[in-house]
Amino acid sequence: MITFEDVTKFYPRQERAALRNINLEIAKGEFVFLVGQSGSGKSTFLRLVLREYRATSGTIYVAGKNLATLNQWKVPTLRRQIGTVFQDFRLLPGKTVYENVAFALQVIGRPAKEIRSIVPETLELVGLEGKEDRPSDELSGGEQQRVAIARAFVNRPKILLADEPTGNLDPETSIGIMKLLDRINRADTTVVIATHDSSIVDQMRRRVLELRSGQLVRDQAEGVYGSA
Ligand SMILES: Nc1ncnc2c1ncn2[C@@H]1O[C@H](COP(=O)(O)OP(=O)(O)OP(=O)(O)O)[C@@H](O)[C@H]1O
C-alpha cells in the first residue's frame with residue numbers, strides 16, 4: 001500500500017536530509033507505529049505519503065501510484081484515499097458533530113441521501129451516537145478526536161495516517177482512541193500512526209518503525225517503543 005524505495009528528502013536550504021535512504025513497505029491492512037525523537041522525520045514521512053512534498057530522490061508508491069510521476073490534478077484523488085488525523089483535532093469551529101463529519105462528504109460531492117445514511121453509521125462506529133447535534137467545540141478532547149477520526153474515515157479511505165493522535169489526551173482516553181484506530185484497521189484500512197506515546201506503543205504490540213535523524217534504524221514486528 002505504501003512503498004519507499006531509497007527515499008531521501010532535503011528541505012530547501014537545509015544541509016541535513018530530513019529523511020535519508022528510506023526503504024520500507026507497508027502492506028494493505030497493516031497497522032504501523034512510526035516512532036522517533038522530535039525532528040527525526042516522522043511528519044516528513046507522512047507529508048511525503050500525502051504528496052504535500054515530493055521526495056528529493058528515490059521512489060514512493062502509495063495505493064499503486066508512483067508519487068513522483070503523479071499529475072498534480074490527480075493529487076486530490078490520491079488524498080481521498082487517505083484519511084488524516086492530527087494531535088489538535090482540526091474540527092470546524094461552530095459546527096456540530098454531524099456537520100463536521102458530513103462536510104467531508106459534501107466537499108467531494110457525495111449525494112445528500114448517501115450522506116444521511118453514512119454519517120450516523122460512522123458516528124456510531126466511533127461511539128458518538130446521540131451526540132450528532134452537539135457543537136463539536138463543547139466536547140471533551142477524546143470526543144473531539146473521535147469526531148476527527150469519524151471525519152477521516154467516513155469516506156472509507158484505504159489508508160489512515162495519524163500524527164500524534166493522542167498527544168493532547170490523558171492516558172485512559174488515549175487507550176480508547178487506540179482501540180478505535182485498531183477497529184478501523186480491522187475494517188481493512190492500512191493505519192500509520194506517528195507517535196511519542198510510549199505506553200500506547202508498548203500496549204498495542206504492533207509493527208514499529210523507528211526513525212533517528214532521518215534514517216530508519218528499526219523495523220520491528222510486535223514492537224515496543226524503545227529499542228530492545
Ligand atoms: N518545512 C520545513 N523546512 C525546513 N526544514 C524542515 C521543514 N519541516 C521539517 N524540517 C526539518 O526536517 C527534520 C525532520 O522534521 P519532522 O517534522 O519530519 O520531524 P518529526 O519527527 O515529525 O518531529 P516532531 O515529533 O517534533 O513532529 C527536522 O530537522 C526539521 O527541522
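**A sheet and its helices**

Q: Which residue in β10 stands opposite glutamate 210?
A: This is a predicted model, where local features need pLDDT of at least 70, side-chain atom pairs count only at pLDDT 80 or more, and totals for chains, interfaces and linings use all residues. Residues are numbered from 1 along each chain as its sequence is written. Strands (E, at least two residues) and helices (H or I, at least four) are DSSP runs numbered from the N terminus. Opposite glutamate 210 you will find arginine 218.

Q: Which strands stand at the edges of the open six-stranded sheet?
A: Its order is β6-β7-β8-β3-β9-β10, with mixed pairing (two strands pair if DSSP finds at least two bridges between them). Two of these strands have a single partner each, so one side of each is left without a neighbour in the sheet; they are β6 (82-86) and β10 (215-220).

Q: Is α5 roughly parallel or roughly antiparallel to α6?
A: Helix α5 (residues 141-153) and helix α6 (residues 171-186) pack with axes 10 Å apart, at an angle of about 15 degrees. Axes are lines fitted to C-alpha atoms, for helices over the stretch in contact, and angles run from 0 to 180 degrees between N-to-C directions. Angles under 35 degrees count as roughly parallel, over 145 as roughly antiparallel, 65 to 115 as roughly perpendicular and the rest as oblique. That makes the pair roughly parallel.

Q: Which strands does α5 touch?
A: Contact requires C-beta atoms, placed from the backbone, within 7 Å. Helix α5 packs on the sheet, its direction making about 165 degrees with that of β6, and the strands touched are β6 and β7 (159-163).

Methods:
Two residues are in contact if their C-beta atoms, placed from the backbone, lie within 7 Å.
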